Amino acid sequence: MTRENKLWTIAACLGVCVLLYLLGPVLTPFLISALLAWLGDPMADRLEAWRFPRSLAVGVVFISTFLVLGLLLLLIVPLFTHEMTALTARAPQAIVWFQGTAAPWLAERLHLDVSSLKLGDLSGMLGENAQNAGQLAGNTFATLSHSGRTVFVILLNILLVPVITFYWLRDWDIFKARVADLLPRDKAPYIERMVRECESVLAAFFRGQLLVMICLAAIYSVGLAAIGLDNAVAIGVIAGLLGFVPYLGITTGIILALLSAVLQGGDGLLSVWVLVVFGIGMGLESFVLTPRLVGGRIGLHPVMVIFAILAGGRLFGFVGVLLALPVAAACMVFARHLHARYLGSDFYRGGGA
């Protein structure tokens, strides 16, 4: 690659980063739609191989995708909202328990002064808000209604996602072919091979991680319900869905489950069973689910996943979170190729001296 080509490549990369930063809020529905189209394109291609016309194949995949998403929302959201409302309503009891049990223990054993936390005022505030939840929801809705621009943007994004997804999905192969035509002819095979590796890594990661999250949500929900824990479904779903970020789901789930167990009272045995349930879940995730459903060949280390998500969100907001894993996968593939070239170079073997 000549010096001029390198400069043009660097300038193009910088230009793309600046555009992503400036157009972040506008790009959100397009990126969500592109992700859905990318996930649905293999199924559309398979239907085409079964002699389906492209438009019919896209229609089947499009309707099936949003039908499944809609059914999941209709089934999960009401139950999840009910469970979380019940858990929130019992928060004042947690504060009372902390004042009467945990605070004296901390003061005696660790010599901590918890009187400055003003937990009594917080308990009263939570109790009042829990009793006036309907009025609070009405006030929130009224505030959003007056913010016409915010409501318009949210509704526009919701309406745009299915429309853009359909067009992305219908013309996905055309877009790929046109981008491939723009590649330098001598570098096209190498770049296309790297893109296929990125797609393979991402596809395996997303499919496997989604299955792991669903399995964990089911395991935690069933296990916590079996031991008689209140709010079992809500806690299990939260722990499963947050499992996308390593250790965040299990930590959040244990904290919420132990809090719910303490509020139920008893002799402390329920808390022990909570730890047993999450211990079983962690064991299944580490030794069964992740190795079989995700696999070590993916190569996205948990530390890299956490760093990519945090860095993407810090730099580009929600768009950065959406782009974090694709960019991380691309960087990993690129680094793998650089490593292979370095090991095969004269400099590494000592021939450049």
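A contact is taken here as heavy atoms within 4.5 Å. On that basis, among contacts in the protein chain between residues at least 6 apart in sequence, 71% join residues at least 24 apart. The model is a predicted one, in which local features need pLDDT of at least 70 and side-chain atom pairs count only at pLDDT 80 or more, whereas totals for chains, interfaces and linings use all residues. Residues are numbered from 1 along each chain as its sequence is written, and side-chain values use heavy atoms, with hydrogens and water left out.

The protein chain holds 14 helices and zero strands, assigned as DSSP runs (helices, H or I, at least four residues; strands, E, at least two) and numbered from the N terminus. Of its 353 residues, 28% count as buried, where buried means under 20% relative accessible area, exposed over 50%, and partly exposed in between (1.4 Å probe, protein chains only). The accessible surface, from the Shrake-Rupley method with a 1.4 Å probe, comes to about 22600 Å², and 72% of this belongs to carbon and sulfur atoms.

L269 lies in helix α12 (residues 269-294) and is partly exposed, at a relative accessible area of 47%.

With a disulfide defined as a pair of cysteine sulfur atoms within 2.5 Å, the count comes to zero. C198 is in no disulfide, the nearest cysteine sulfur being that of C331, 8.7 Å away. C198 is buried, at 14% relative accessible area, whereas C331 is partly exposed at 43%.
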